[in-house]
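I opened my notebook today to look a few things up in a structure that is new to me.

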Amino acid sequence: MSQQDHKDFFISYNRADQRWAEWIAWQLEEANYSIILQAWDFLPGSNFVVQMDHALRIAPRMIAVLSPQYLSSLYTQPEWAAAFRNDPKGEQSLLIPVRVQPCEVTGLLGPIAYVDLVGRDESAARQRLLAAVRHERAKPSQAPAFPQDTQHTVSKQLNFPGDVPPIWKMPHERDPLFLGREQSLQELHTSLATVHHVLLFETGQEHEAGSTGASATAVEYAYRYRSDYQVICWIQADSREALQSDLLELASTLHLPQAKPADQEPLKAIVQWLRNHEHWLLVLNGVHTTEIVSPLMPLPQQGHCLIVTATRTLETIAPLIELKQVPLEEQTIMAQLSQVMGAELQVPEGRIPLGLEPITIGR
């Protein structure tokens, strides 16, 4: 193997933790390690299996990004098992687990000491990560360069995945058992990046049947991609009163002058602010008529707006993504995975519990 083909680390991760994998890859490359990462190095049109085999051969050491999704995936186990097989006693530290979400590490991974980034700020997380790969203290031998003058190996610095945006108005906790809707989440991410405003549609029958709901999917999207944004605001929009109340609270958070008198309309001030800023996400939840949100339309293109609705006629506002029913043959797989995670869930009449659907093939 030539020196050019050699890589120091391969980063193994589940697609739900891509932001963490990219942050880890960034830190390692900034510390002059060479890495191979699926999101950066597997080119469109390439054979995934061939690429994975090549990556595992040219990178002797592996970072395993641990989370509930990673540990329950059927497709990440062969990756870390390859590194484990080559160093079962851990004498060479070929496998370095890095825990990024609360999860119980059992089985063959259990005895391996992992790097715990859960609850750490970015500085502490970086120090722990680099100390683990260097087998020494993370303190550099020379004074670090002033950050403004640092030349990065990637064109744009990545936000720390564990951080919420500076303005974070999310009234809902993340569902730790949300393991599905991967295709819908990817479609949402791609669509918002191109058309900026998207309708997430769920039929009334699907909602009543208890499938993974549009609102739950929107919550997962906000948490999963929070490092993309500087502002994320959840706005209940099932009535004009609810919309006005949440918008008034947002205007106050943004310190807009028009929001100080309680009897003044905050809409114009908010829309003007959105026109002058980037990297924001508004989630308008429960919209059922165009009249409720019409004062906000058309929203500026500088940020993203995700409209959650069960009304197909709102398709005139923005492109529509419809949540499909989970195929019955795949529900059994997810029920088994939920048992592996220790979730005591039941599947009534063949339907999948709220917050679960099959993991997409291919991580």
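**Ground rules.** I am working with a predicted model, where local features need pLDDT of at least 70 and side-chain atom pairs count only at pLDDT 80 or more, while totals for chains, interfaces and linings use all residues. I number residues from 1 along each chain as its sequence is written, and side-chain values use heavy atoms, with hydrogens and water left out.

**The sheet.** I looked up the strands, which are DSSP runs marked E of at least two residues, just as helices are runs of H or I of at least four, both numbered from the N terminus. I found 5 strands in an open sheet, in the order E2-E1-E3-E4-E5, with parallel pairing. Two strands pair if DSSP finds at least two bridges between them. At the edges I noted strand E2 (35-36) and E5, each pairing on one side only. Strand E4 (residues 95-99) runs parallel to E5, and 2 bridges join them. Across this pair, Val98 stands opposite Val115 in E5.

**Asp116.** I then turned to Asp116, which sits in strand E5 (residues 115-116). Is Asp116 buried or exposed? I read a relative accessible area of 18%, so Asp116 is buried (buried means under 20%, exposed over 50%, partly exposed in between, with a 1.4 Å probe and protein chains only). Its side chain makes a polar contact of 3.0 Å with the side chain of Arg99. A polar contact is a pair of N or O atoms within 3.5 Å; within protein, one must be able to donate a hydrogen and the other to accept it, and residues adjacent in sequence count only if both atoms are side-chain atoms. The side chain of Asp116 also reaches the backbone nitrogen of Val118 at 3.2 Å. Leaving aside neighbours within four places in sequence, I find Asp116 in contact (heavy atoms within 4.5 Å) with Arg99 and Arg128.

**Aromatic rings.** Rings of Phe, Tyr and Trp (its six-membered ring) pair if their centres lie within 6.5 Å; planes under 30 degrees apart count as stacked, over 60 as edge-to-face and the rest as tilted. By this rule I count 5 aromatic pairs. Trp20 and Trp23 form an edge-to-face pair, 6.0 Å centre to centre with 80° between the planes. They are 3 residues apart in helix H1 (residues 18-30), so about one helical turn separates them. Trp20 is buried at 8%, and Trp23 is buried at 0%. Tyr221 and Tyr225 form a tilted pair, 4.8 Å centre to centre and 40° between the planes. Tyr221 is buried at 1%, and Tyr225 is buried at 4%.
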